[in-house]
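Could you walk me through this two-chain model, starting from the overall build and ending at individual residues?

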Amino acid sequence: MALDEIKIGGLGASRRRVEDNRFIRGKGNYVDDIVLPGMLHMELLRSPLAHARIKSIDVSKAYEIPGVRLVLTGEMMAARNLAWMPTLSYDTQAVLATDKVRFQGQEVAAVIADDPYIAKDACQAIVVEYEQLPAIVNPFQAMESDSVVIRDDKENQPGNKIFDWEIGDKAATDKAFAEADVVSKMELHYPRSHPSPMETCGSIADFNRATGKLTVYMTSQAPHIVRAAVAMVAELPEHMIRIVSPDLGGGFGNKVPIYPGYVVAILASILTEVPVKWIEDKTGNLISTGFGRDVYLQGEMALRKDGKMLGMRMKTISDHGAFYADAQPSKFKIGLMHSAFAAYDLPAAHLESVGYYTNKAPGGVAYRCSFRVTEAMFFQERMVHAAANDLGMDQAEFRRMNLVKDDMFPYRTAFGFLTDSGQYGKCLDIGMKAIGYDTYKAEQAEARSRGKLLGIGISTMTEPLGAGNSREYDILGIKMFDSAELRVHMTGKAILRTGAMNQGQGHQTTWAQIVAHELGIPADDVTVEEGDTDTAPFGMGTYASRSTPVAGAAVAMVARKIRAKARKIAAHLLEVSEEDIEWELGRFYVRSNKERGVTIQDCALAAYSNMPDGMEPGLENNAYYDPPNLTWPFAAYFVKVEVDAETGVWDVLKVVAVDDCGVRINPMIVEAQIMGGLTEAYAMASMQYQTYDDQGNMIGANYMDYLLPTAWETPGFELHEVVTPCPHHPIGAKGVGECATVAGPAAFVNAVVDALGHLGVRNIDMPMMPNRVYEALTTGKDISGMPPVMMGD
Amino acid sequence: MYPSRFGYEAPKTIDEAIAILDKYAGEAKVLSGGQSLIPVIKLRFAAPEMLVDINGIPGLDYNRVDPDGSIHIGALCRHEDLENNELMEKHAPTIAAAAPLVSDPIVRTRGTFVGSVCHADPQGDWAATMTAMGGHIVAQGPNGTREIAMNDFVIGPFQNTLAYNEIAIEAVIPAPKGVRVGSYLKLERRVGDFATASVAVSLEMNGETVIGAGIALASVGGRTIDATAAAQSLVGNKITPELIAEVAAAVAATAEPRTDHRGSSDYKRQIVKTFVTRILTGLATTSQKAA
Ligand SMILES: Cc1cc2nc3c(=O)[nH]c(=O)nc-3n(C[C@H](O)[C@H](O)[C@H](O)COP(=O)(O)OP(=O)(O)OC[C@H]3O[C@@H](n4cnc5c(N)ncnc54)[C@H](O)[C@@H]3O)c2cc1C
């Protein structure tokens, strides 16, 4: 009989996470848990200044401290051609500073010592003489013609501009504006935020002189990219490099780039011939590693007076810090910013993007953002909110009128993407019902009469996930496919390896469910392994919600290859021809006699013990999956708030999330992803940001300044589900890891702005801290830009 | 985060602890809950040579009300012990109201009331509470004990008047003249965040008439602000909306907030005014009901 798919942990089973067993017992295996014999410890000395010329570095005092084995400086790196390294966006980044420091927290020197305490003491004993230079802390300063050039290390880099880029149809957009009845404008800043994973970055480099092999245990979301990069940078043969990512304590895009610490630790191990461990501290992580956003977004929408969207002009000015180190598809300079408005039937659009160097930490593409989609969708939903208000239309009705309708798929967006499926109107309806939208206007008016400020914010979006097809998506020329390898043992148990890299998403749990779905092997019988480049097949790693769309598809495809072979074995065992064999979950049977059948486990045993003549023994295979298109999940989020008019404090009364991420492999994990994302959305909307004072000192380098919400203040979330399977993904899944972080923030901001709408407030930039909301509601003015910075407080 | 090297002693008596402090002549620090001291050591903002852990000293973890009505809080009484505490709800409502607002539940299980007052953080909730309630600290040193009134104890940011060889062994709040009422309000961006503004109010009532009034503020100046003088117009009167408005404005004027990322100085004064108004309005209602 066919198996009960839920019972064997197949698709749709809210199977408990396999990983959690070890995590909740404290038995996870993180980089810092690994102890190798004779291991030394490395600490980095970071620059206290944002922009300064290095006049001298004196390490002699550091060497006087007992237990110090090696001190590395930029000069020593340079002697080995390692002072600079390539970034994932065709730029270069300093490993240890030689000429200048270009942001506060930049790596200046490294101490390798017997323990991390000694290494830290020795870092404090290094004397660096700096000559301070003016710091550039935003793109507007960077673009001034007389501003100091940050990247004077580069030839052909006259100013601080990194790129100028545009996409869309300018002429068609101009025409739309010429024909518009109403033009609505929006201008905002998406603050710099930081993924701040619970585990910071770190590595243990272990170079074995005898074998010539370099093993690096590290916190990487994309170990194979690291191996390729190390092969190129360190000029070591690729087969002699093994990158192992053990358990990761969160990543959120923070652990995609290659950081100086990794490179220095590798050289240190080569020089000392013992393993060298480097574990970044929390401030090191917050101050120097991949951040998210920091983009100024401006735009205007051309509208017909009945509410029809006609065209969109958009401009972004982005702050990338001192090095252009964004990890993103190389064809696009500002990620997938042009996915903005993909959910709307918008005839014409044009985007102009300019990126600048500043004296700030490098990065930009991190924090569950799917290559800048977060900024795109935030801007989109703030713009849509303003446009509806300018037209005097209801927020929900304006969206319903302009969202792409179910019968319009496949739909080519104004920027050229092809969306392929969705039930946007249905999601909107479910959300409106759940939040109580029909009675809300009356409720709001009544509350206002009592001096209470109520608001509802809506955010609807579709975002492009699963980069991506090899025609368009590559990083440093390597196409963004992914892979899976499946080996079924003779007793029908199996091991699966993929090129993705779990960092909390639950791959160990969900990949096994896909195998269960495709082969009927219970999920509990499938081991999942990732992260070791010596054993896992090549893949581009996990970020941008690409695992299920790409690696997950590869899992289904390799399982199907296994099933095809098992079918031949089944025919052999049942002594019928292959054409007479039928499949039901977990079992092949003879079409004419359903009772006569063999299980997948029978076939597995036969693959090792009784294979048909001429068949290669064993039951294993691999699959490399090049997705035909991106996947397009849809989300409709509703937030209801009440603002305290005397303090500006806003309380979240209700959050409703309607997500259509296609087929859900494990609904419980999907819901957890959505709740996590909504929490981050709430965090950014309410309290979380990094900023810099005019000297380039970072505010947000510790958890006193960089606020992560706790369970205490995080609101509850009501989740709803709509399923429109992805038409091209083997199991119909679309990816969900980032939807709520992407679409969530605008729902919160729209709600607060709605509560204050009658006072003339059009925009409050995040973070909407009580003082900013209070200022908006007492003055009726917009609040733009970052909160002021006062140091020493 | 790796602190500098330090020594560690865990004496079993107060006398032993004092002897170690004395020996290190200013280079030793008392460790109680560690919720402020450990962060500064870990960040290397402080590098004491010796930590004197008083957690092993028996008999310091009490909170009690003596027959004379005075409240005594021992050096090892944790924030958490004052939460959901019937004695405090009855005799020290300001403490009862503040307890669940101090930091987060995790910190509250370790941090101590007395340690917080000693730390003298301008943002600390307990120093403000003690000030509003007119409390004092009992310090013990090589030559015995002495009492230090709050205004003489905290003299600046992170500065108290303990000698290097003294330990604060308890906090005392004297018996009220009538019935003590009060509350505590605080604006923070997130639980455990240092506050934007906090207000402690403690009144002594005879029926509906105020016979004693103390108000103190945290986070709106370089130290705990004693706004008691601004509250004196309440004394001898019933709490009326007019009086509330007058006192709220007067208290807000005593605040010395700085403009920073938590808000402008005007905004912080507005919060103080709002909180004083809300607390006094609440107390007026309950005292009317009681009367
Ligand atoms: C995340 C976080 C959030 C926080 N939020 C808040 C908040 O919202 N409000 C608030 O008020 N506080 C807050 N705090 C501080 C917390 O309340 C501390 O517990 C308190 O300030 C110090 O008490 P402690 O017992 O931990 O003292 P310790 O950290 O052990 O010591 C603090 C200082 O006082 C000295 N000291 C301690 N006890 C004595 C003694 N008996 N005699 C002499 N000297 C002594 C120490 O030598 C040290 O200098 C927070 C702390 C953290 C970590």
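Predicted model: local features only at pLDDT ≥ 70, side-chain atom pairs only at ≥ 80, totals over all residues.

Residues are numbered from 1 along each chain as its sequence is written, chains are lettered from A and ligands numbered from 1 in the order in which they are written, and side-chain values use heavy atoms, with hydrogens and water left out.

Let us begin with chain A. It contains 19 helices and 35 strands, where helices (H or I, at least four residues) and strands (E, at least two) are DSSP runs numbered from the N terminus. Its radius of gyration is 27 Å, close to the 28 Å that the globule rule gives for 793 residues, so chain A is as compact as a globular protein of that length. That radius is taken over C-alpha atoms, and the rule is 2.2 Å times the number of residues to the power 0.38. The C-alpha trace of chain A spans about 85 × 75 × 50 Å along its principal axes.

How much of chain A is buried? Of its 793 residues, 64% count as buried; the term means under 20% relative accessible area, with exposed meaning over 50% and partly exposed in between (1.4 Å probe, protein chains only). Among the contacts of chain A with a separation of 6 or more, 78% are between residues 24 or more positions apart, a contact being heavy atoms within 4.5 Å. Chain A carries 75 positive and 101 negative side chains, and the centres of the two sets lie 3 Å apart. Here Lys and Arg count as positive and Asp and Glu as negative, with His and the chain ends not counted; each charge is placed at NZ of Lys, CZ of Arg, CG of Asp or CD of Glu.

The domain assignment of chain A gives domain 1 (20–27 + 482–625), domain 2 (34–133 + 200–248 + 255–288) and domain 3 (295–467 + 629–779). Such bounds come from an automatic or database domain assignment. The C-alpha centres of domain 1 and domain 2 of chain A are 40 Å apart, and their contact takes 19 residues from domain 1 and 17 residues from domain 2.

Some backbone details of chain A deserve a look. Most residues other than glycine have a negative phi, and most peptide bonds are trans. Against that background, a cis peptide bond joins Phe409(A) and Pro410(A), with omega about -10 degrees, and Pro410(A) lies in the loop between helix H11 (395–402) and S19 of chain A. Another cis peptide bond joins Met766(A) and Pro767(A), with omega about -5 degrees. Ser196(A) is not a glycine, yet has a positive phi of about 45 degrees; at 7% relative accessibility, Ser196(A) counts as buried. Tyr367(A) likewise has a positive phi, about 70 degrees, and counts as buried at 3% relative accessibility.

Now for chain B, which has 10 helices and 14 strands. With 291 residues, a compact globule would have a radius of gyration near 19 Å, and the 19 Å of chain B agrees. Buried residues make up 55% of chain B. Its domains are domain 1 (7–53), domain 2 (63–173) and domain 3 (179–290). The C-alpha centres of domain 1 and domain 2 of chain B lie 19 Å apart, and the contact takes 13 residues from domain 1 and 16 residues from domain 2.

Helix H7 (residues 125–132) of chain B is mostly covered, with eight of its eight residues buried, including Trp126(B) and Met130(B). H7(B) is followed by Gly134(B), whose phi is positive, near 70 degrees. Then which residues is Arg44(B) in contact with, leaving aside its neighbours within four places in sequence? They are Tyr117(A), Lys120(A), Asp121(A) and Gln124(A), together with Tyr2(B), Pro3(B) and Ser4(B). Arg44(B) is found in the loop between helix H2 (37–42) and strand S3 (50–53) of chain B, and at 13% relative accessibility Arg44(B) counts as buried.
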